[in-house]
Amino acid sequence: MTLADYTITKDEILSKFSDIEIFSHYFEQKVDEYNSYINPLRNDKNPGCKFFFSAYNDLLFYDHAKGKTYNWISFVKEYYNLDTYYSIIKRGLQRPLFYYV
């Protein structure tokens with residue numbers, strides 16, 4: 001099977017991993033909405049970023065310094081400097097997180 005033959009949706013990913021597990025994977029620690037975190041997307045020394053749940057129960061990451069909010073898709077896109085959801089899946093297939101989907 002080639003990458004072009006392999007399609008995976010957001011719902012398929014979330015059926016195997018919670019958004020907390022996905023964010024925790026990239027933060028290399030368990031994340032929650034109660035603690036502050038250092039932003040791995042920029043040179044950050046002070047833990048001033050927070051997680052919160054949206055009205056739709058999606059976990060979101062808020063960077064106070066940038067005034068920017070990320071869901072797990074937009075976070076991974078910026079983490080790897082990717083421009084499309086397809087490129088996230090392509091990159092994700094190279095990391096253990098998505099091997100079990």
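Predicted model: local features only at pLDDT ≥ 70, side-chain atom pairs only at ≥ 80, totals over all residues.

Among contacts in the protein chain between residues at least 6 apart in sequence, what percentage joins residues at least 24 apart?

Analyst: Residues are numbered from 1 along each chain as its sequence is written, and side-chain values use heavy atoms, with hydrogens and water left out.

To take the opening question: 41% of the contacts between residues at least 6 apart in sequence join residues at least 24 apart, where contact means heavy atoms within 4.5 Å. The protein chain has four helices and four strands, in the order α-α-β-β-β-β-α-α from the N terminus on. Helices (H or I, at least four residues) and strands (E, at least two) are DSSP runs, numbered from the N terminus. Of the 101 residues in the chain, 33% are buried; buried means under 20% relative accessible area, exposed over 50%, and partly exposed in between (1.4 Å probe, protein chains only).

Two strands count as paired if DSSP finds at least two bridges between them. Strands β1 and β2 are joined in the antiparallel sense over two bridges, and serine 36 has lysine 50 in β2 as its bridge partner.

Within α2 (residues 19-27), the buried residues are Asp19, Ile22, Phe23, Ser24, Tyr26 and Phe27. The spacing of such positions can be read against helix geometry: an α-helix has 3.6 residues a turn, so residues three or four places apart point the same way. The buried residues of α2 pack against α1 (10-16), β1 (36-37), β2 (49-53), β3 (59-63), β4 (68-70) and α3 (72-79). Just after α2, glutamate 28 adopts a positive phi of about 55°.

Strand β3 contains leucine 60, which is buried at a relative accessible area of 16%. Leaving aside neighbours within four places in sequence, leucine 60 is in contact with Lys50, Phe51, Phe52, Ser54, Thr69, Tyr70 and Asn71. Between leucine 60 and phenylalanine 23, 37 residues apart in sequence, the C-alpha to C-alpha distance is 9.3 Å.

The search of the whole structure finds four salt bridges, a salt bridge being a side-chain nitrogen of Lys or Arg within 4 Å of a carboxyl oxygen of Asp or Glu. Arg42, Asp44 and Asp63 are linked in a network of these. Arginine 42 meets aspartate 63 at 2.8 Å, N to O. Because aspartate 63 lies in strand β3 and arginine 42 in the loop between β1 and β2, this pair ties together parts that are 21 residues apart in sequence. Aspartate 63 is buried, with a relative accessible area of 0%, whereas arginine 42 is partly exposed at 26%. Arginine 42 also meets aspartate 44, at 3.5 Å, N to O.

Aspartate 44 sits in the loop between β1 and β2 and is buried, with a relative accessible area of 14%. A polar atom of the side chain of aspartate 44 lies 2.8 Å from the backbone nitrogen of asparagine 39. Leaving aside neighbours within four places in sequence, the contacts of aspartate 44 are Tyr37, Ile38, Asn39 and Cys49.

Lysine 68 lies in strand β4 and glutamate 78 in helix α3, so the pair ties together parts that are ten residues apart in sequence. Both partners are partly exposed: lysine 68 at 36% relative accessibility and glutamate 78 at 27%.

Methods. Polar contact = N/O pair within 3.5 Å; in protein donor to acceptor, adjacent residues only side chain to side chain.
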